[in-house]
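This report describes selected features of one protein chain.

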Amino acid sequence: MRSHVSPDGSYINEGMNCSSLDITMPNGEPHGGLTGSNEFILSSSGQKISADSRMEEVNQWCQRKAKSACSRKMLLKRLPILRWLPCYNGIDAVGDLVAGITVGLTVIPQALAYSGIAGLPAAYGLYGSFVGCIVYIFLGSCKDVPMGPSAISALLTYQTARGNVHKAVLLSFLAGIIELLMGIFGLGFLVDFVSGPVSSGFTSAVSLIIVTSQIKDVLGISAKGTTFLEIWQSIFKDIHNIRAWDTVLGITCIAVLLIMRIVAGLKVGPHEDDLKSKKHRIINKFMWLIGTSRNAILVVVCGAIGYVFQSSASAPFKLIGDIPPGLPSFQVPSFTLNANQTSSGREESFAEIVSSLGSGLIVVPLISLMENIAICKAFSNGKPVDATQELIAIGVANVANSFAQGFPGTGALSRGAVFNASGVRTPLANIYTGALVILSLMFFTPYFSFIPKATLAAIIIAAVVFMVEVKVVKPMWRTKKSDLIPGLGTFIACLALPLEVGILLGVGLNVIFILYHAARPKINVERLTSPAGTEYLIITPDRCLIFPSVDYVRNLVTKHSIRQSLPVVIDCSHVYGADYTAATVIESITQDFAKRDQPLFFYNLKPSVCAVFEGLSPVDFIVYYREEDLDELMREKAYKPKQVLSA
């Protein structure tokens, strides 16, 4: 396909000979005098530069990148507060105030409850619920993200740090650093490798694990374990120690929360909002507020019950216990642990701590990003989501959280929905949420100690049970049944194995499916007649030719060409890429056809793919771009129709 290469490295792509574009120069020079070159590249100014000058071009590229990083456009992109703060007005302030206080009433009881999931004292959930909120105001790109602890991040913290406070705080610091580095290097695309079915399977499994982990507090018994099966085995071993009052309180709280959730969605008056009277709107708003604040209301009521009974000789409920009053001590996380701070009773260096955290250092940042992006997409109204900026925001927030003794956090979808329904206008709503948490730490922690553990367990169960994504199974079955396999595989793996192993197995299953589809392209085979009346076989693959698929394509081409004994045209209209393995197979195919004296042509092959195939200089490699050229090519090959072989 390639003519003689001149001393300067230029050559003419002969595949252009059959192009439908006629760009011959008046002096007869083909292709408009356009030639390719392997010896030169063009600079941004259009000047040819040699290989010796490429280092200078790299330096110029680095200077441009550094200049763009300091530009006003990049500053507005990386500090989103500069975009919306100059336009902030009174309406925004009222919306943010209402939303921030509403979410604050939700986050306080949830933070206390999520500490139990993480295996930490109750105060540490509150410690991680106010610093990240403030950081997100400056760096967050989504108004609906309430930064703080979530059920999934709490469970991952427990499985990674095993209930060690110092390791959990250090995990927040290290996870934040990793998230920040991922944002700086633009690695937000990694979350795209977790498909919808895998994400649904993971979320559903985590929900069941969290519900299972809280059943022990509802029953008032002790149970340990990190996986679904381990926790249930531990529950059955201690089931004989069940406490009746805790069980009654826990079940009652779950029922009350579910009823109040229904109340929040009820509407009185006409269906059309325009027809509702002022009285109807007030009643609907009041019902929504009561339903939304159900966690806070339940905590206050049950805390009062716990206070009344705590003075009795035998308290009927297990309480969460004393919570240190005041704000946490702001300090650098511990990078080494002494003998009193470890479960093994010996000192641990930083390297040993990192080794004990294991794959959680990667899984926690990725899952945190998944949760955050899910909120952004849910309420973005079709606008693009900047995953890189969200990585930077939650990374800095988690680093700051670690200095306030908090464990890793991210945006929680349930609180994000409350934010959105409350009419949040900007990320500044987070400051009111953070302020409520600070006030509760300074003035109300003595009263939190009277909250029954069964109440917090009920709050978690009533919230998390709706995260089981049963509703996606039916649409998935209708659209593509094979997607159920990675989803169901992830679900089962996460229940039976540690979460990080389960999610990796789910992603692995997805990759296997992707590779299978890459290795088995759809091949369309038709028997057509050329304008001159010559029959030929046209074979059309529907995707690129790369190493997993080329042998499959070769076998099909060989089988059909031998069976039909006709000229073969491979329609490459959909082949947008190829590799070295594909080039070797194409060379082999052309040799086989040449030995059988059977014409083989390639139709509409893209120049970039053609260059890959030409690299091995295959014999009789013929490309054409106009259908009417096929008869001429057959005449050049001196092809005469042969008797078709029987199948």
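## Helix 4 and its ends

At the start of helix 4, the backbone nitrogen of isoleucine 91 has a side-chain oxygen of asparagine 89 within 3.2 Å. The model is a predicted one, and the values in this report are computed from it.

Helix 4 covers residues 90–117, 28 residues in total. From its first C-alpha to its last it reaches 39 Å, which is close to the 40 Å expected at 1.5 Å a residue. After helix 4 comes glycine 119, which has a positive phi, near 75°.

Arginine 425 lies in the loop that runs between helix 17 (413–421) and helix 18 (429–448). Its relative accessibility is 41%. Arginine 425 is therefore classed as partly exposed, because that class lies between the buried limit of under 20% and the exposed limit of over 50%.

In sequence, arginine 425 is 334 residues away from isoleucine 91, yet their C-alpha atoms are 8.5 Å apart in space. Isoleucine 91 is also one of the contacts of arginine 425. When neighbours within four places in sequence are left aside, arginine 425 is in contact with Ile91, Asp92, Gly95, Asp96 and Lys143. Among these contacts, Ile91, Asp92, Gly95 and Asp96 fall in helix 4, residues 90–117. In an α-helix there are 3.6 residues a turn, so residues three or four places apart point the same way.

Five strands form an open sheet in the order 7-8-9-10-11, and their pairing is mixed.

Isoleucine 539 has isoleucine 570 in strand 9 as its bridge partner.

## The chain as a whole

The chain has 26 helices and eleven strands. Of its 647 residues, 47% are buried. Its accessible surface comes to about 32100 Å², and carbon and sulfur atoms account for 63% of that area.

Contacts between residues at least 6 apart in sequence were also examined: 75% of them join residues at least 24 apart. The contact between arginine 425 and Ile91 is one that links residues 334 apart in sequence.

Technical notes. Residues numbered from 1 in each chain as written. Predicted model: local features only at pLDDT ≥ 70, side-chain atom pairs only at ≥ 80, totals over all residues. Heavy atoms only, no water. Pairing = 2+ DSSP bridges. Helix = DSSP H or I, 4+ residues; strand = E, 2+ residues; numbered from the N terminus. Buried < 20%, exposed > 50% of the residue type's maximum accessible area, 1.4 Å probe, protein only. Contact = heavy atoms within 4.5 Å. Areas by Shrake-Rupley, 256 points an atom, 1.4 Å probe, with all protein chains shown as cover. Expected span 1.5 Å × (residues − 1). Polar contact = N/O pair within 3.5 Å; in protein donor to acceptor, adjacent residues only side chain to side chain.
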